[in-house]
Amino acid sequence: MLVIIIPVIALIVLFSWRYRQSNTAATYKPDWDHSTQLELVIWGAPLLIIIALGLLTWISTHTLDPYRPLSRLDANRPIPAGVKPITVEVVALDWKWLFIYPEQGIATVNELAAPVDVPIRFKITASSVMNSFYIPALAGQIYAMPGMETSLHAVINHPGEFEGFSANYSGAGFSDMRFKFHGMTPENFEKWVQSTKAAGGALKRADYVELEKPSVKDPVRRFSAVDADLYHAIVNRCVDPAQACMDKVMSTDLNVKPGSRHE
């Protein structure tokens, strides 16, 4: 803004002084109405500002794209070679959160943990209505929608306990749709995984059907094992084995030739 304001103020003072009534040496042109050079300055300066702001916006918007894998741990540290991101599958239920760790083979309800300085890839969906996954200390919010998958890449840089919640109204139990996010050292995270594996039973499709039923203020629950294809079935609306998965239905429809009959 100062690039425009300072020259304008300076020119106001200059014109007022130069074209004052007592200055008989100033050129007087009552019929003057155009100057190509002046038009270039008047329109060029704002155009350059718009180009500069547009460039900064373009770069920062793509850098902060939640679907874009992280390239650094913080402003000063790139991701070390060999560091593998941890994957967490997130399901927004009514009115609780289910977190599935496919690589660790565990699942939790209303509790999320991750090691410090390890990139996290969240794969996010919902069971019934649209929600919004949000941990203010970790990253921006992103929507969770039934029958769809969104992504979020994030990293926590220091240990601690942080608040997570739904940022999109989703019904009567929305206000209590909260969970704790634990940033842990890699050693403590491994201990947490092992304690989770020893804490409870398996989360199978039949268990998920019961878990999916609406409930409010659910306590933390841990599952020592989880069906490997449960998240895929949730996204594609086929937890019930009798229901065809959406991806297979769409693939079949895509391969049907125009004009052919398909039942």
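This is a predicted model: local features need pLDDT of at least 70, side-chain atom pairs count only at pLDDT 80 or more; totals for chains, interfaces and linings use all residues.
Residues are numbered from 1 along each chain as its sequence is written, and side-chain values use heavy atoms, with hydrogens and water left out. Local features need pLDDT of at least 70 and side-chain atom pairs count only at pLDDT 80 or more, while totals for chains, interfaces and linings use all residues.

An unreviewed UniProt entry annotates residues 1–68 as "domain: Cytochrome oxidase subunit II transmembrane region profile". Such annotations may be inferred rather than shown by experiment; positions follow the numbering used here, and feature names are shortened. The span is 66% helix and 0% strand. Its end C-alpha atoms lie 32 Å apart. Helices (H or I, at least four residues) and strands (E, at least two) are DSSP runs, numbered from the N terminus.

Helix α3 covers residues 186–197. Its 12 residues reach 17 Å from first C-alpha to last, close to the 16 Å expected at 1.5 Å a residue. That expected span is 1.5 Å times one less than the number of residues. Phe-189, Trp-192, Val-193 and Thr-196 of α3 are buried (under 20% relative accessible area; exposed is over 50%, partly exposed in between, with a 1.4 Å probe and protein chains only). Seen down the axis, the buried residues of α3 fall within an arc of 100 degrees, so they line one face of the helix. The arc is that of the directions from the helix axis to the C-beta atoms. The face turned away from this buried side carries exposed Glu-187 and Lys-191. Cover for the buried residues of α3 includes β1, β2 and β10.

Gly-183 lies in strand β10. It is buried, at 6% relative accessible area. Beyond residues up to four places away in sequence, Gly-183 touches Ala-114, Val-116, Ile-156, Pro-159, Gly-160 and Phe-162 (contact means heavy atoms within 4.5 Å). The C-alpha atoms of Gly-183 and Leu-138 are separated by 9.6 Å.

Leu-138 belongs to the largest nonpolar core, of 35 residues. Such a core is a set of buried Ala, Val, Leu, Ile, Met, Phe, Trp, Tyr and Cys residues joined through side-chain atoms within 4.5 Å. Leu-138 and Phe-181 are among the members that touch the most others. Outside four places in sequence, the contacts of Leu-138 include Ile-120, Phe-122 and Phe-181.

Strands β6 (residues 131–135) and β7 (residues 139–144) pair in the antiparallel sense over four bridges. Pairing requires at least two DSSP bridges between two strands. Three residues separate β6 and β7 in this hairpin. Ser-132 has Tyr-143 of β7 as its bridge partner.
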